[in-house]
Amino acid sequence: HNITCLTLSLSLCTQGFPSTITLHISQAFHSPMNKEIQIALRRAIYNTCKEPKKETEIRKNAEVKETAVSQENLRKMLSKMAKQKLLLLLKDASTGEMIFHSVPREKVASFQTLNDFDTSIYQIIDQAGDLGITKREMGRKVKKHSKIIDLSLKTLVTKNLIKAVQSIKSKQKVFMLYDLEPNREITGGIWYTENMTFNTKLIMELQSATVNYLVERGHGTTMDILREVKGRGLSSSVELQEQDMKQIMTTLLYDGLIEEAPDSREAEPIYRLMKGVEVTNPFSEIPCSNCPVFADCVPGSDVNPSDCQYLSKWAQKLQW
């Protein structure tokens, strides 16, 4: 009906009819959406905004275009979905444009119980990503007393919408979305334990495994050694990546225990033991490999690397 009316009005308008006909066009085009179109538009917006999107990006989406709604009706639906806590409203830091982000279906019920201030705190935390944000930084953004912010944070943590993570970098707690994996810049990666203590034990294990590999094979790349380490299950407690192994290789290079082979023809460097380093080097004698309580040796516990007299004596043999 709307399309027929629009075509007729345009035809009459071109023949010089009054401007009231043009108003009739606008009213016909922007008439209320029927239920089927509303459902289709709601679904299209929700699917499109699973990744944060600006309004201009939403309008260009093929699924949204299929509904053939006006810009006015699109904005009305975006506003309605935001009020229903189906969408979060974020702001682009550089342009100030509004960004829409769908609330995960399993969390919609939790969001609908939040007040406006709780929602605004969540939105700020969402924008911080995997680096998180401190309570002080939140305070500067919302300009509210810390006790009010504390109440919102407690509500969001209780509902498993956010979590607090201790930052190695700032030595403070930062808050991020519950399902996010913290950035390595925050946690220190695998080199720090859950208690935020330096994982000396793991580093020694990996250094020892690297030197032993080069003793047995003569040479190898970072990936060769990484595969060997994973194959032996030495990194089963952490998600060891190539960049981690490269850091281990760098420490051994600086310590003068290994070197890059001069005849390396591959894009990836090939390593070997430094000339003059004996095959029976201290790494092959690391006491951890034969320790009867190795599995119980954890920083902060009764059995830990820091208080181990055998490990201390072994470390004294290394000229680092």
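How are H13 and H14 oriented to each other? Keep that in mind as we walk through the structure.

**Before you start.** This is a predicted model, in which local features need pLDDT of at least 70 and side-chain atom pairs count only at pLDDT 80 or more, while totals for chains, interfaces and linings use all residues. Residues are numbered from 1 along each chain as its sequence is written, and side-chain values use heavy atoms, leaving out hydrogens and water.

**The whole protein.** Show everything as a cartoon and you will find 15 helices and seven strands. Helices (H or I, at least four residues) and strands (E, at least two) are DSSP runs, numbered from the N terminus. Of the 320 residues, 38% count as buried. Buried means under 20% relative accessible area, exposed over 50%, and partly exposed in between (1.4 Å probe, protein chains only).

**Stop one: H13 and H14.** Select residues 222–231 for H13 and 242–254 for H14; their axes come within 10 Å and cross at roughly 110°. The axes are lines fitted to C-alpha atoms, for helices over the stretch in contact, and angles run from 0 to 180 degrees between N-to-C directions. The answer to our opening question is therefore that H13 and H14 are roughly perpendicular; that term covers 65 to 115 degrees, with under 35 being roughly parallel, over 145 roughly antiparallel and the rest oblique.

Now show side chains: Thr222, Met223, Ile225, Leu226 and Val229 in H13 meet Glu242, Met245, Lys246 and Met249 in H14. These contact residues divide into six nonpolar, one polar and two charged. Ala, Val, Leu, Ile, Met, Phe, Trp, Tyr, Cys and Pro count as nonpolar, Asp, Glu, Lys and Arg as charged, and the others, Gly among them, as polar. Contact means heavy atoms within 4.5 Å.

**Stop two: H12.** Select residues 200–217, the 18 residues of H12. This helix is mostly covered, with 13 of its 18 residues buried. Next comes Gly218, with a positive phi near 90°.

**Stop three: Ser152.** Look in H10, residues 146–158, for Ser152. Is Ser152 buried or exposed? Ser152 is buried, with a relative accessible area of 2%. Apart from residues up to four places away in sequence, Ser152 touches Phe117, Asp118 and Ile121.

**Last stop: Leu131.** Go to the loop between H8 (116–128) and H9 (135–142) to find Leu131. Leu131 is partly exposed, at 36% relative accessible area. Leaving aside neighbours within four places in sequence, Leu131 is in contact with Val174, Met176, Asn183, Glu185 and Ile186. Finally, select Leu180: Leu131 and Leu180 are 49 residues apart in sequence and 9.6 Å apart in space, C-alpha to C-alpha.

Note on methods: The expected span of a helix is 1.5 Å times one less than its number of residues.
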